[in-house]
Amino acid sequence: MAHPDTTLESRSRRNLLKVGSLALGGLVIGFSLPFPGRSFAEQVLSEGPEDQPMSNAKALDAFIGIDRDGKVIFTVPKIEMGQGAQSGLAVMIAEELEIGLDQITLKEAPPNEAIYNDKLLNFQATGGSTSIRSNWEPLRQAGAAARLLLIQAAAQRWQVGADQLRAENGRVLGPDGQSFGYGELVDDASKLPVPENIPLKPAEQFKLIGKPTRRLDTPAKVNGTARFTIDLVVPGMKYASARACPVIGGTVRSVDDRAARKVPGVIDVIRLGDAVAVIGEHTWATFAGVRALEIEWDYGDNADIDSAQMEREIKEALDKPGALANEQGDIDKALKDAAKTFEAEYQMPFLAHAALEPMTCVAQVRPDAVELWVGTQVPVRAQTAAAEASGRPAEQIIVNNQLIGGAFGRRLEVDFIHQAAAIAAKVDYPIKLTWLREEDTTHDMYRPHYIDRFAAAMDAEGRLLGWRHTIAGASVLARFAPAAVPDSGLDGDAVEVAIHPIYAMQNLRVNYVPVPPKALRQSWWRGVGPLRSTYMLESFIDEVARSVDRDPVEYRMELLGSHPRAQAVLRLAAEQAGWGEPLEAGHGRGVAVQEVFGSFLATVVELQVTEDKGIKLKRLVVAVDCGQVINPVSVKSQIEGGTLFGLSAALFNEITVSKGRVEQSNFHDYRQLRISEAPPVETFIVESREAPGGVGEAGTAMIAPALVNALASANGTRIRRLPLARAGYYVI
């Protein structure tokens, strides 16, 4: 079984790619296949001459290489974060190339947005549930093109028509029992022109796609040989940890490091602008040294800010017009003339990512280069951060991307990489920076606090005429990619799902008011915009239905007439959950349905609530239509993992601020759902031939509204502000 390359030798991944592409003596396939009629060899040589690294190529998106031994090397444009994305991508190649997954070797792609750009995200990144969606056709075309070229090469050797040959298990088979292994044909195949037309397999011929397959990363993770950044040891490496100012924007005024230097194993203490780092012979020495530091801080302008102040500012913003996201009909008139109206506000708190692997980066600053070993979702941004911290040009930054031990959006950020490179620039040996869990929690990049205000208009029969929806909260996009935000301030992520509700209505207005937080840095959190909006919309539509004495499932079904796929998953989830069947007192069911990340999902929660607010989760049922499934086992595991991840947040999680400081510090006060508290997630997959949708974040987006809707059904209490623990609820 092939595994991702985790070698630690100090060598450039660009040079590996250059060797793999130009001196392999084999066939190289570019995903975009932009120049029909030219040979692959000509294309590669023209775009990346031998005296330049292939990272300078402009025409190719990524590469499949087949060497003379028949080894298939897949340079993967996506990093593995535990969701099986790399295995899913490999399945698409293997399907069209007619090989088994065990015949593929994975290599991590180097930083290069000209080559490895995600077509949906528009930069080189792993996130947004785009890995499968953005590569569905290009990867299959690459595999199919390679197969066609190998068959054509064999046909020329045997002097027979290509239509008489077929490929199977890494070999081309002839009409009279003859065969060639792929490795025997690659040199000839590389001289052939790119096919004008590349037919793809019809679904009924799939051997791997849609079938349960074993993930490529599983064996190494089971037997302990998988290496994450936190596991790595580079020759000559020392260890480091750091303590930054607890208030964002603050700086170091003075530091007394005498006690820290007395800790056994501590080598050095390094002062940075807003932090102090301790270097030691092992991790525990650095942790003890950091805790022993006596630092006087200049807390800066954010030292008096607290959660109450930030909440007031968001609420005040709701009265401002903000940016118009969408408008149809005349909602003001509809509200004025409506037989019935309903209004509500909902809140979602700041959230930390709380990944199991804290922020960790190995960095070495050498005279000739700066080398990183780090798990990052954004290799080009990592490269840029290290360049800024070390004062070196980006061309000298080598990024060795690693398996990631949990990210949830946190490793779309590069603050810890910048810090690691800054520390490494002050010493003459490599260092591995690992943050304390407390540092990781209090210096995260947080999901923003949002408040949404709705006003709905209904006719005399309770039918929805439309609603007015105002969203207030920080714009992640304005910080992450400010050039992508128009002058109006409209953040497309913040209004996603909300801007085009799946429910039919004649009148609609959606406004967004950005409110930058002063004491926290905001960032993407698993589920991003769809998670944000789905909680608000699915809570509100549930309340609207109940306000006119309608069954929440029936009410939704009537409004989903233009979305048959949404109706289908809603119907399936309701049937499987026993919707409408009588329940005991104190029990309730709640539902949510939406289109998120190109997939349609419906989630039903059944729970029991006691008089003292104890909640027992009885059932979680999810129906998903994610288009063509690559691996049903992975789909179910991702829906399960995402659902339980979102459930933890909805039940327990909230980041609060006092005197400019984050109050939560570790899992004791930012707790997660325990195994004993989590019911099985029953996942039902709708068979579909539509293009694949995303599933990595989809389950996370659906669980919170289904949960609060179930609670309202059970005891009549409507929770409009998460988490439930804030209102005194606990899990039994």
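Predicted model: local features only at pLDDT ≥ 70, side-chain atom pairs only at ≥ 80, totals over all residues.

**Stop 1: the cores.** Select Ile431, Trp467 and Leu724. These are the residues with the most contacts inside the largest nonpolar core, which has 154 residues. Now colour helix 20, residues 698–715: this helix gives the most to that core, with eleven residues. Next, pick Leu101, Leu139, Ala154 and Val186. They are among the members of a second, separate core of 45 residues. As background, nonpolar side chains in soluble globular proteins tend to be buried together.

**Stop 2: a cis peptide bond.** Zoom to Leu722 and Pro723. The peptide bond from Leu722 to Pro723 is cis, with omega near 0°. You'll find Pro723 in the loop between helix 20 and strand 28 (730–731). For contrast, most peptide bonds are trans, and most residues other than glycine have a negative phi. Hold on to that second point for the last stops.

**Stop 3: Glu98.** Go to the loop between helix 3 (85–97) and strand 4 (104–108), and click Glu98. It isn't a glycine, yet Glu98 has a positive phi of about 60°. Is Glu98 buried or exposed? Glu98 is buried, because its relative accessible area is 12%, under the 20% cut-off.

**Stop 4: Lys613.** Finally, select Lys613, in the loop between strand 23 (599–609) and strand 24 (614–625). Lys613 also has a positive phi, about 75°, although it is not a glycine. With a relative accessible area of 34%, Lys613 is partly exposed.

Note on methods: Residues numbered from 1 in each chain as written. Heavy atoms only, no water. Core = buried A, V, L, I, M, F, W, Y, C linked by side-chain atoms within 4.5 Å. Buried < 20%, exposed > 50% of the residue type's maximum accessible area, 1.4 Å probe, protein only. Helix = DSSP H or I, 4+ residues; strand = E, 2+ residues; numbered from the N terminus.
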